[in-house]
Amino acid sequence: MGFGFQNVGSFIRECNGTTLRYDQACLSILTDQEVTIWSQYAECDGCKLLPTATFPMSDPIIVRTSDTLLYALKNSSGIICKGSYQFGEYGQYVFNLTEGAKNKCLPRMTAEPDAAYLPILTTILILLSMATMWYVVKGIGKRVVAGRLYARFFAREDNELGSETRVLTEVSVVRPPVRSRLRSLDIFRGFAIALMIFVNAGGGGYSVFAHSTWNGLTVADVVFPWFAFTMGEALVLSLNTKLRTAMPRTTAFYQVVRRSLFLSLIGIVLGSANSTWTDVRLPGVLQRLAAMYLIVGALECALMRTTQNITPGRSLLRDIATGWQQWLATILLVAIQVCISLTVAAPGCPRGYSGPGGIHLSAAGNHSLKNCTGGIAGYIDRTLLGPAHLYRGGTFKELYRTVVPHDPEGILGVFSGVLVVQAGAHATRIMLAYNHARARIMRWVFWSIMFGVGGGALCMFSKNGGPVPINKNLWSVSYCLVTSSMAFFIQAVLYFIVDLKNKWGGRPLYYAGQNALFLYVGSELLKRHFPLHWYLEAPTHAQLLATHAGAMLIWLAVGVFLHRKRIFITL
């Protein structure tokens with residue numbers, strides 16, 4: 001490998017005969033002595049550096065480009081130098097440790113990397129262009145059709161009557177009543193399910209569309225709680241209608257239980273591919289939704305007020321007055337989750353520990369966290385459900401070298417997750433309690449600020465700081481507060497644009513939101529089948545993004561088809 005800079009990095013896909021994949025680069029060391037590189041990725045919180053390769057005996061090594069690499073170069077005398085570097089995708093790099101070389105601690109680029117995020121911008125522009133073309137064609141089509149209808153039905157009548165009076169003599173057809181819907185809610189739910197389909201398909205291979213390794217927040221991490229938020233909105237909207245039409249509360253509760261049971265069974269079936277009863281995964285996305293839906297639904301069936309306190313009024317605290325009992329029960333459940341997480345220690349683990357275990361914090365000499373993955377929450381799941389019935393994957397397992405399983409949809413997280421569904425329920429209570437759009441929007445924004453500040457304070461507005469870091473794997477309280485804050489704000493914006501100003505119809509997201517559960521189940525069942533999945537031998541971000549966005553668009557088209565046929569599939 002030469003030292004001259006080559007602006008051909010996007011065409012080099014090899015590292016010593018091995019084909020580079022996306023988010024990978026090639027690193028070699030030129031040295032006249034035996035040198036060992038010790039490395040670790042910055043995402044591994046407090047992890048010690050581990051020996052990676054010894055040169056000149058070793059071949060060039062492949063490094064990840066999605067995270068900053070921490071490294072130290074050592075010879076027989078000790079550490080030569082140490083540092084950190086963010087490598088670029090498909091880039092070729094070399095450490096030159098020979099005599100007379102400059103900047104030995106910084107790798108030299110010998111082939112330029114790709115612009116890894118350029119396909120995202122390209123995809124956004126293409127989707128915006130498609131949306132623009134859709135509205136242009138639709139607008140032209142409406143004008144043409146309207147013109148033809150006028151010429152056919154109205155012009156002849158004007159001529160015969162000798163006036164501008166327009167008479168339409170067609171027999172009117174009685175249409176079946178259409179159930180009124182909160183359009184912004186369907187659009188929000190459709191946006192969440194479309195994003196969920198895209199993320200579950202692979203998200204183009206980008207780390208921003210993948211779940212956080214442990215602490216932190218990515219696009220993939222907010223999709224699930226946003227969907228749970230909309231579920232809480234729809235729950236109160238539906239129950240309010242049923243209870244105001246004299247449906248017994250016991251009947252409404254029976255329907256909530258039945259739907260929760262069906263959701264759980266569907267979730268277990270979806271997670272049972274290539275499994276038997278001895279190792280089938282019991283927790284899951286739909287199972288978590290079912291549990292939270294059951295708890296919040298039971299509270300609403302017992303405590304929802306359908307008399308004067310739920311009708312429009314002027315009280316500044318009417319939204320709180322109509323739901324304080326539900327919030328009291330929710331806060332109690334959240335307090336139970338927090339107290340157990342912070343005060344109960346898993347066997348052999350520190351009290352209050354909620355990290356990934358493995359080599360976490362090993363740089364400080366802490367080697368007792370090997371079996372502490374997830375803290376007490378992980379221990380409860382492994383004890384009550386059994387290790388064989390938990391999720392076997394996880395983005396943290398390879399990085400932290402964990403040895404015990406952990407399920408991100410475990411038991412203890414249900415208690416904190418109720419907060420998200422209850423936040424959605426409160427969003428609808430605000431809408432029912434106030435008939436003025438300004439009052440609704442102001443309160444949604446107010447609660448968005450309160451939840452956001454509360455969640456940020458718990459994590460000290462940092463990734464790994466504070467008593468309760470933002471963590472999707474544990475559904476920490478800070479995570480639930482922050483994602484609910486985002487959901488409140490999105491609901492306020494959509495309501496203003498869609499329901500109040502009528503500036504956007506929300507299509508095709510509006511159609512997808514009407515059959516969100518069906519689209520999710522279908523995407524999970526068929527996400528590994530053609531044409532929703534394409535096998536690519538050496539995929540790039542651009543290829544993956546095209547196939548995963550294509551899968552999302554196909555399911556959106558299914559949503560449009562179901563709407564056109566007036567098919568609404570619910571439990």
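Helix α11 contains both W447 and F451, which are 4 residues apart, or about one turn of the helix. An α-helix has 3.6 residues a turn, so residues three or four places apart point the same way. The model is a predicted one, and in it the rings of W447 and F451 form an edge-to-face aromatic pair, with 6.1 Å from centre to centre and 90 degrees between the planes. Are these two residues buried or exposed? W447 has a relative accessible area of 18%, and because buried means under 20%, W447 counts as buried. F451 is buried too, at 8% relative accessibility.

The pair belongs to a wider group. F188, F191, W226, F229, W327, F446, W447, F451 and F488 make up one aromatic cluster.

In total, the structure holds 21 aromatic pairs. One of them joins Y117 and Y206, whose rings are stacked, with centres 5.3 Å apart and 25 degrees between the planes. Where do these two residues lie along the chain? Y117 is in the loop between β10 (108-111) and α1 (118-161), while Y206 is in the loop between α2 (183-201) and α3 (219-244), so the pair ties together parts that are 89 residues apart in sequence. Y206 is buried, with a relative accessible area of 2%.

The charged end of R183 sits over the ring of Y510, 3.7 Å from the ring centre. Likewise, the charged end of R443 sits over the ring of Y434, at 4.0 Å from its centre.

M460, in the loop between α11 (437-458) and α12, is not a glycine but has a positive phi of about 55 degrees. M460 is exposed, with 56% relative accessibility. The loop between α12 and α13 holds N502, again a residue that is not a glycine and has a positive phi of about 55 degrees. N502 is exposed as well, with a relative accessible area of 62%.

P508 is found in the loop between α12 (477-500) and α13 (509-514), and the peptide bond joining R507 and P508 is cis, with omega at about 0 degrees. Another cis peptide bond runs from F530 to P531, with omega near 5 degrees. P531 lies in the loop between α14 (516-526) and α15.

Helix α15 covers residues 541-564, which is 24 residues. Its first and last C-alpha atoms are 34 Å apart, close to the 34 Å expected at 1.5 Å a residue. After α15 comes R566, with a positive phi near 55 degrees.

Key: Residues are numbered from 1 along each chain as its sequence is written. This is a predicted model: local features need pLDDT of at least 70, side-chain atom pairs count only at pLDDT 80 or more; totals for chains, interfaces and linings use all residues. Side-chain values use heavy atoms; hydrogens and water are left out. The expected span of a helix is 1.5 Å times one less than its number of residues. Buried means under 20% relative accessible area, exposed over 50%, partly exposed in between (1.4 Å probe, protein chains only). Rings of Phe, Tyr and Trp (its six-membered ring) pair if their centres lie within 6.5 Å; planes under 30 degrees apart count as stacked, over 60 as edge-to-face and the rest as tilted. A charge sits over a ring if NZ of Lys or CZ of Arg is within 6 Å of the ring centre and within 35 degrees of the ring normal.
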